[in-house]
Amino acid sequence: MRALIVEDETYLADAIRTGLRRETIAADVAYDGTAAIEYLSVNDYDIVILDRDLPGVHGDDICSWITQHRPTCRVIMLTAARSLRDKVDGFERGADDYLAKPFEFPELVARLRALERRAGASHPPLLESAGVKLDPFRREVYRNGRLVRLSNKEFAVLDLLMRASGGVVSAETLLEKAWDKHADPFTNTVRVTISNLRKRLGDPWLVHTLPGAGYRFGEPQ
């Protein structure tokens with residue numbers, strides 16, 4: 001999952017980003033509404049965590065923009081506006097969820113996971129393939145009953161590959177979904193992460209390289 005945090009309180013925005021990264025959620029931050037529209041115009045986000053009272057473009061207008069231009073992107077409004085009228089107005093503008101400040105971080109993560117499940121209803125909560133079981137909510141991976149300990153990035157990459165159901169996932173897509181806007185498109189970090197993931201999963205390798213195309217998860221063909 002890749003998220004955009006739109007929040008003008010710098011400390012809060014950075015704290016949310018740090019917490020989400022620990023949950024293997026790649027996250028970018030826009031500190032005002034104008035920057036948010038710029039990010040949304042060039043990046044494919046799964047979820048936007050959106051404050052309402054923003055400098056530049058107002059959060060309500062951003063929500064309406066997302067509804068029109070990024071219909072598959074989910075929006076959770078995270079704002080101090082907590083009256084019933086505020087919440088109803090947020091939903092009417094296209095928000096998928098609404099969480100009032102102050103809030104508890106575990107609740108925010110739980111709501112993000114719930115939105116992710118709703119957006120990908122065809123994907124089972126527990127991913128199973130080629131003897132590997134991946135639980136995205138407990139963040140546990142087993143191969144043939146053996147617990148496999150992965151780093152956050154390794155887990156995120158494996159999750160993306162398994163969700164592709166045997167399809168090929170490009171290195172560019174892995175960078176976009178598992179890292180953030182600061183990732184260097186010319187870096188070898190994807191290759192290194194794939195190499196480490198193979199070693200942790202063990203033999204025979206289940207992550208295969210298709211030169212010029214990307215990576216595929218599954219039994220050797």
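Two points on the source before I start. The model is predicted, so to speak for local features we need pLDDT of at least 70, side-chain atom pairs count only at pLDDT 80 or more, and totals for chains, interfaces and linings use all residues. Residues are numbered from 1 along each chain as its sequence is written, and side-chain values use heavy atoms, with hydrogens and water left out.

Cysteines first. A search of the whole structure finds zero disulfides, a disulfide being a pair of cysteine sulfur atoms within 2.5 Å. Cys63 is buried, at 0% relative accessibility, and Cys73 is buried at 7%. Buried means under 20% relative accessible area, exposed over 50%, partly exposed in between, with a 1.4 Å probe and protein chains only.

Next, helix H2, residues 33–42. Helices (H or I, at least four residues) and strands (E, at least two) are DSSP runs, numbered from the N terminus. Buried residues in H2 are Gly33, Ala35, Ala36, Ile37, Tyr39 and Leu40. Their cover includes strands S1 (2–6), S2 (26–30) and S3 (47–50), and helix H3 (59–69). At the N-terminal end of H2, Asp32 is the cap, with a side-chain oxygen 3.0 Å from the backbone nitrogen of Thr34.

Last, the hairpin. Strands S10 (residues 207–210) and S11 (residues 214–217) pair in the antiparallel sense over four bridges; pairing requires that DSSP finds at least two bridges between two strands. His208 has Arg216 in S11 as its bridge partner. Three residues lie between the strands, and Gly212 takes a positive phi near 80°.

How values were computed:
Contact = heavy atoms within 4.5 Å. Polar contact = N/O pair within 3.5 Å; in protein donor to acceptor, adjacent residues only side chain to side chain.
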